[in-house]
Amino acid sequence: MKSVLSKRTEITSLTLATYNIHRCFGTDGKFKPARIIEVIKQLDADVIALQEVETSRDAGLDLLEQISRQTGLQAIAGMTMLSETAQYGNALLTRLDIEEIQREDISIQGREPRGAICIKAKLANKAIRVIATHLGLLPSERRTQVKQLLKILEQNTTDISVLMGDLNEWYLWGRPLRWLHQHFDKNIAIPTFPSRFPVLALDRIWVEPKSCLHTVTPYNTRITKKASDHLPLKAELII
């Protein structure tokens with residue numbers, strides 16, 4: 001990937017997005033990777049967290065390679081389930097120059113494997129850490145996983161910290177959200193699921209310090225209502 005940091009030295013904004021792509025199956029039941037790639041292009045974000053990314057060797061589709069080639073973004077895989085014919089999990093796309101990559105296992109025994117991708121980069125002389133994740137379906141899972149993620153953030157301080165992904169947290173007064181509010185300050189709950197008539201704020205973007213966070217908006221268009229069962233969530237940071 002060609003570095004764009006040299007072209008961005010005077011730019012003080014950073015665009016983030018998180019998107020559960022539902023294995024490229026849309027709300028119309030159709031498998032259309034091209035539709036997901038078009039949404040990613042439209043987002044035009046510097047860092048994008050993806051969830052439910054599947055690569056199927058049987059179908060001859062390396063989805064991340066295809067996304068990277070068509071968007072020019074560096075793709076980092078964070079697969080949590082592997083078989084002889086397929087890989088499934090998280091991914092992170094970025095146009096930043098990455099200094100460090102970590103993959104964290106936050107799985108709970110007996111439940112679907114879960115993970116987090118942690119990267120460190122620099123922009124405008126600021127150190128930025130981004131964690132992209134997809135949490136479990138049970139409240140007990142999410143409590144343990146949020147504790148693990150907060151420990152990572154507390155042990156690896158940077159000028160700016162970001163946690164984003166599908167948190168699967170619909171209990172607005174649950175302990176995971178309370179703990180995250182304490183660390184990042186209160187976060188606006190923006191409905192992103194289901195994409196056709198969003199009522200649940202499952203997808204989140206948390207930023208520390210909060211003063212960097214300029215806007216957070218759902219990317220709600222005709223194509224995003226069909227491309228996946230989640231809407232993308234997009235944030236603009238001022239560095």
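Which residues of the largest nonpolar core touch the most other members? In this predicted model, local features need pLDDT of at least 70 and side-chain atom pairs count only at pLDDT 80 or more, while totals for chains, interfaces and linings use all residues. Residues are numbered from 1 along each chain as its sequence is written, and side-chain values use heavy atoms, with hydrogens and water left out.

The answer is Leu16, Val162 and Leu237, out of the 24 residues in that core. A nonpolar core here is a set of buried Ala, Val, Leu, Ile, Met, Phe, Trp, Tyr and Cys residues joined through side-chain atoms within 4.5 Å. Buried means under 20% relative accessible area, exposed over 50%, and partly exposed in between (1.4 Å probe, protein chains only). Strands S1 (13-20), S2 (47-56), S6 (115-123), S7 (126-134), S8 (160-166), S9 (203-208) and S11 (233-238) each give two or more residues to the core. S6 supplies the largest share, four residues. These labels come from DSSP runs (helices are H or I, at least four residues; strands are E, at least two), numbered from the N terminus. In soluble globular proteins, nonpolar side chains tend to be buried together.

Contact means heavy atoms within 4.5 Å, and once neighbours within four places in sequence are set aside, Val162 is in contact with Leu16, Arg129, Val130, Ile131, Ile205, Trp206, Val207 and Leu237. Another core, of 22 residues, lies apart from this one and has Ile21, Ile37, Ile48 and Leu63 among its members.

Ile37 also turns up in helix H1 (residues 33-43), whose buried residues are Pro33, Arg35, Ile36, Ile37, Val39, Ile40 and Leu43. What do the buried residues of H1 pack against? Their partners are S1, S2, helix H2 (63-71), strand S4 (86-94), H5 and S11.

Helix H5 (residues 224-227) holds Thr224, which counts as buried because its relative accessibility is 0%. A polar atom of the Thr224 side chain sits 2.9 Å from the backbone oxygen of Tyr219. Leaving out residues up to four places away in sequence, Thr224 touches Val39, Ser195, Tyr219, His230, Leu231 and Pro232.

Most residues other than glycine have a negative phi, and most peptide bonds are trans. Even so, the bond from Phe193 to Pro194 is cis, with omega near -10°, and Pro194 is in the loop between helix H4 (175-184) and S9. Glu208 and Pro209 are likewise joined by a cis peptide bond, with omega about 0°; Pro209 belongs to the loop between S9 and strand S10 (213-218). Arg23 has a positive phi, near 60°, and is found in the loop between S1 and H1. Asn168, in the loop between S8 and H4, has a positive phi of about 55°. Is each of these two buried or partly exposed? Arg23 counts as partly exposed because its relative accessibility is 32%, whereas Asn168 counts as buried because its value is 6%.

As for the cysteines, a disulfide is a pair of cysteine sulfur atoms within 2.5 Å, and by that rule the count is zero. Cys212 is in no disulfide, and the nearest cysteine sulfur, that of Cys118, is 19 Å away. Cys212 counts as buried because its relative accessibility is 10%, and Cys24 counts as buried because its relative accessibility is 1%.

Methods: A polar contact is a pair of N or O atoms within 3.5 Å; within protein, one must be able to donate a hydrogen and the other to accept it, and residues adjacent in sequence count only if both atoms are side-chain atoms.
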